[in-house]
Amino acid sequence: MQYYSLNNKEHLVSFQEAVTNGLAPDKGLYFPKEIPKLEASFFDSIESLSHEEIAFEVIQPYIGNEIPEKELKKIISETLSFKFPLVQIENNVFSLELFHGPTMAFKDVGARFMSRCLGYFNKDKDTNNTVLVATSGDTGGAVASGFLGVKGVDVVILYPSKKVSDIQERQLTTLGQNITALEVDGVFDDCQDMVKKAFLDPDLKHKKLTSANSINIARWLPQMFYFFFAYKELKKYNKPIITSCPSGNFGNICAGILAKKMGLPIHHFVATTNANDTVPRFLRDGVYQPKPSIATISNAMDVGNPSNFVRIQEMYTNDLKAFEKDFSSYSYSDEATKEIMQSIYSNSHYIAEPHGAVGYLGLQRALALQPESIGFFLETAHPIKFLDIVEPTLSVTLKIPKQIQTVLNKHKKSIPIKEYAALKEYLSK
Ligand SMILES: *Cc1c(COP(=O)(O)O)cnc(C)c1O
């Protein structure tokens, strides 16, 4: 498969180049040249396929012969080495739990897949790639864990000081080895801007920088799997399916829409946001106007200018009607989020953390408009990762899972930085 830059359709690269570049030299995000269509027979028999078999069918056309079948199957099996339960919490409402991986965040899947692709491409080389990543919370931990010890790759993570939870901070600052955490005096958008600047800096060319945010196709594409896994379970209800994704950089929802374009029968997508409402405002007013990010209790979605929205637009370039039919986007306050956490808990005895709860709210609204449907929201993190919010809001005490217990005993190690010059100096060493 070839990939073009969203800024220039003539600029075509291979899967490997797209993964190692992260962002195209003209700053455009990469996008597959064609969207492969899956056979009807695949959907007819999806119930009988394992997660690994589904994932292989879905991702293989995006890679072609650049990774041999046997290697790719191994990468997929390491990527998906945990469960993805779809939990029914009401008659027509399901929670797709994406938090059973090593860092208890959905980003584990993308990070593990990408690290192993990069590891494969670097196996016979003697210079390292440097993965540079900005995190609003969960990316950092998932990337740190996913890349830990992968040969040929150094990882540098930028995170906004005091704007991630204690557990999130420990997950990205305590591993050591090939992982370094830079603690930025600023917000997530400052981190993201610095990362973008470094990619375009000619003085850093020789560093072979690449991204591990959802702008990187190897992080982004495997997120399609979730939607297929949910469909596998929901098909038997024979009803239109709605999904609501708690959205920050819009990578997840954009992967879901790509899955739909491949033929997956999901009828409607809701991108639900917290107070960072750039996309909901765009749908309402028709003007795309990013704003600086606002801190909320669902901090992994505190993104003022979602990078992947351009990919969604690309998939609907000439079809505004289809876009309006397939896609909606709503924003919710922290108060509304806490209230719904309480009501989900008292009605269904289900503990949703703030991101999942935001997803639930968007789903509830869409289901009210299309009551004959069933729906699922993505529960993108384990409640323990947002313990500071979950415990007081629900008056519960959470048990600490063993993945988390391990990092709580380790010591934070980070390098404080203020502006781009400091990042550049670090990378130039
Ligand atoms: C990253 C993240 C999101 C947002 O996902 P995007 O793909 O950036 O929209 C939502 N919830 C949690 C817990 C996350 O870590």
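**Cavities and ligand site in a predicted model**

Q: What is the volume of the largest cavity?
A: The structure is a predicted model. A search of the whole of it finds three cavities of 30 Å³ or more. The largest cavity has a volume of about 270 Å³.

Q: Which residues that line the largest cavity are the closest to its centre?
A: The lining of the largest cavity divides into ten nonpolar, twelve polar and three charged residues. Helices α6 (138-147) and α11 (251-261) each supply at least two of the lining residues. Of the 25 residues in the lining, the closest to the centre are Phe-106, Lys-107, Gly-248, Asn-249 and Ala-300.

Q: Which cavity is the space taken by the ligand?
A: The shell around the ligand consists of six nonpolar, seven polar and two charged residues. Of these 15 residues, Lys-107, Gly-248, Asn-249, Phe-250 and Thr-380 come nearest. The ligand takes up the space of the largest cavity.

Q: How much of the accessible area of the ligand does the protein cover?
A: A side-chain N or O atom of Lys-107 is 2.4 Å from an oxygen atom of the ligand, and a backbone N or O atom of Gly-248 is 2.8 Å from a ligand oxygen. A polar side-chain atom of Thr-380 lies 2.7 Å from a nitrogen atom of the ligand. Of the 380 Å² that the ligand has on its own, the protein covers 98%.

Q: Which helix gives the largest share of the lining of the second largest cavity?
A: The second largest cavity has a volume of about 60 Å³. Its lining includes Ala-134, Gln-192, Asn-213 and Ser-307, and divides into four nonpolar, three polar and one charged. The largest share, four residues, comes from helix α8 (residues 188-200).

Key. Residues are numbered from 1 along each chain as its sequence is written. This is a predicted model: local features need pLDDT of at least 70, side-chain atom pairs count only at pLDDT 80 or more; totals for chains, interfaces and linings use all residues. Side-chain values use heavy atoms; hydrogens and water are left out. A residue is near a molecule or strand if one of its heavy atoms lies within 4 Å of it. A polar contact is a pair of N or O atoms within 3.5 Å; within protein, one must be able to donate a hydrogen and the other to accept it, and residues adjacent in sequence count only if both atoms are side-chain atoms. Accessible areas come from the Shrake-Rupley method with a 1.4 Å probe; for residues, only the protein chains shown count as cover. On a 1 Å grid over the protein atoms alone, a cavity is a set of points where a 1.4 Å probe fits but cannot get out, and a pocket is an open set with protein on both sides within 12 Å along at least five of seven lines; lining residues have an atom within 4 Å of a point. A molecule sits in a cavity or pocket if more than half of its atoms lie within 2 Å of its grid points. Ala, Val, Leu, Ile, Met, Phe, Trp, Tyr, Cys and Pro count as nonpolar, Asp, Glu, Lys and Arg as charged, and the others, Gly among them, as polar. Grid points are joined across faces, edges and corners, and a volume is the space filled by probe spheres set on the points.
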